[in-house]
Amino acid sequence: MSFSFPTTLSEHKMLGIIVLTLLAGALGAPTTQPGASTTLDLLAIITTSFNAVDADSNGQLEVSEFYKIFDKYDTDHDHKLTLHEYVHGTHTNKAVAREVFKFVDHDHDNVLTRGETNRVFRIYDTDHDGTITIREYIHEYKTVYQHVIKDLQHHSHQAHVHTTKAAST
């Protein structure tokens with residue numbers, strides 16, 4: 001299997017959202033609207049999620065720990081994650097989960113595999129040593145979070161402008 005790093009900011013953000021969605025759902029982490037929490041709240045959520053995924057408590061995440069999350073969602077244990085399993089496992093907004101799922105499903109076969117989990121893991125493993133430290137995790141998580149906030153604000157503004165124009169016609 002070959003791996004390629006995201007080539008666009010949009011791909012990088014979507015992969016980050018995938019991780020956020022997977023981890024928030026797997027951990028039952030509180031999810032708030034981006035921008036609604038403080039930096040300390042965000043750091044607490046990130047640290048809590050890191051520590052919960054770090055099953056062996058060694059201060060590093062290995063791909064096997066990401067696989068455990070994948071396996072938790074794979075309720076029929078067929079080594080494939082369907083949209084239904086993904087939506088049910090993440091406990092997040094169905095529309096958001098659907099869009100994230102569609103983005104990750106590069107071959108459009110309506111299932112996610114461990115290969116896609118590897119891809120997300122490698123994005124967060126910024127020094128490419130096979131593990132993700134808390135520092136790498138926080139950095140990537142915050143980077144994606146900030147881009148998501150910016151995009152949400154932009155889309156919210158565009159929707160407001162569109163609504164205002166439609167109402168005036």
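**Exercise 1. A contact around D74**

Task: In this predicted model, find which backbone nitrogen lies 3.2 Å from a polar atom of the D74 side chain. Then describe the surroundings of D74.

Solution. 
Step 1. Start at the side chain of D74. One of its polar atoms lies 3.2 Å from the backbone nitrogen of D78.
Step 2. D74 sits in the loop between α3 and β2.
Step 3. List the contacts, leaving out residues up to four places away in sequence. D74 touches H79, K80, L81 and E85.
Step 4. Look for a charged partner. D74 is buried but has no salt bridge. R114 carries the nearest side chain of opposite charge, and it is 7.0 Å away.

**Exercise 2. The salt bridge**

Task: Determine how many salt bridges a search of the whole structure finds. Name the side chains that meet.

Solution. 
Step 1. Name the partners. The side chains of D71 and R114 meet, with 2.5 Å from N to O.
Step 2. Locate them. D71 belongs to helix α3 and R114 to helix α6. They are 43 residues apart, so the pair links distant parts of the chain.
Step 3. Check the accessibility of each. D71 has a relative accessible area of 31%, so it is partly exposed. R114 has 28%, so it is partly exposed.

**Exercise 3. F70 and its neighbours**

Task: Decide whether F70 is buried or exposed. Then find which residues it touches.

Solution. 
Step 1. Locate F70. It lies in helix α3.
Step 2. Read its accessibility. The value is 5%; buried means under 20%, so F70 counts as buried.
Step 3. List its contacts, again leaving out residues up to four places away in sequence. F70 touches H79, K80, L81, L112, T113, R114 and T117.
Step 4. Take L112 from that list. F70 and L112 are 42 residues apart in sequence. Their C-alpha atoms are 9.3 Å apart in space.

**Exercise 4. Two positive phi angles**

Task: Give the phi angles of H79 and H128. Say where each residue is found.

Solution. 
Step 1. Most residues other than glycine have a negative phi.
Step 2. Take H79. Its phi is positive, about 65°, although H79 is not a glycine. H79 is in the loop between α3 and β2. Its relative accessibility is 54%, so H79 counts as exposed.
Step 3. Take H128. Its phi is also positive, near 55°. H128 is in the loop between α6 and β4. Its relative accessibility is 52%, so H128 counts as exposed.

**Exercise 5. The largest nonpolar core**

Task: Identify the residues that touch the most other members of the largest nonpolar core. Then find which helix gives the most residues to this core.

Solution. 
Step 1. In soluble globular proteins, nonpolar side chains tend to be buried together.
Step 2. Assign the helices. α2, α3, α6 and α7 each supply at least two residues of this core. α2 gives the most, with five.
Step 3. Follow I132. Leaving out residues up to four places away in sequence, its contacts include F50, L61, F66, F121 and Y137.
Step 4. Check α6. Nine of its eleven residues are buried. Among them are V120, F121, I123 and Y124.

Notes: Residues are numbered from 1 along each chain as its sequence is written. This is a predicted model: local features need pLDDT of at least 70, side-chain atom pairs count only at pLDDT 80 or more; totals for chains, interfaces and linings use all residues. Side-chain values use heavy atoms; hydrogens and water are left out. A nonpolar core is a set of buried Ala, Val, Leu, Ile, Met, Phe, Trp, Tyr and Cys residues joined through side-chain atoms within 4.5 Å. Buried means under 20% relative accessible area, exposed over 50%, partly exposed in between (1.4 Å probe, protein chains only). Helices (H or I, at least four residues) and strands (E, at least two) are DSSP runs, numbered from the N terminus. Contact means heavy atoms within 4.5 Å. Lys and Arg count as positive and Asp and Glu as negative; His and the chain ends are not counted. A salt bridge is a side-chain nitrogen of Lys or Arg within 4 Å of a carboxyl oxygen of Asp or Glu. A polar contact is a pair of N or O atoms within 3.5 Å; within protein, one must be able to donate a hydrogen and the other to accept it, and residues adjacent in sequence count only if both atoms are side-chain atoms.
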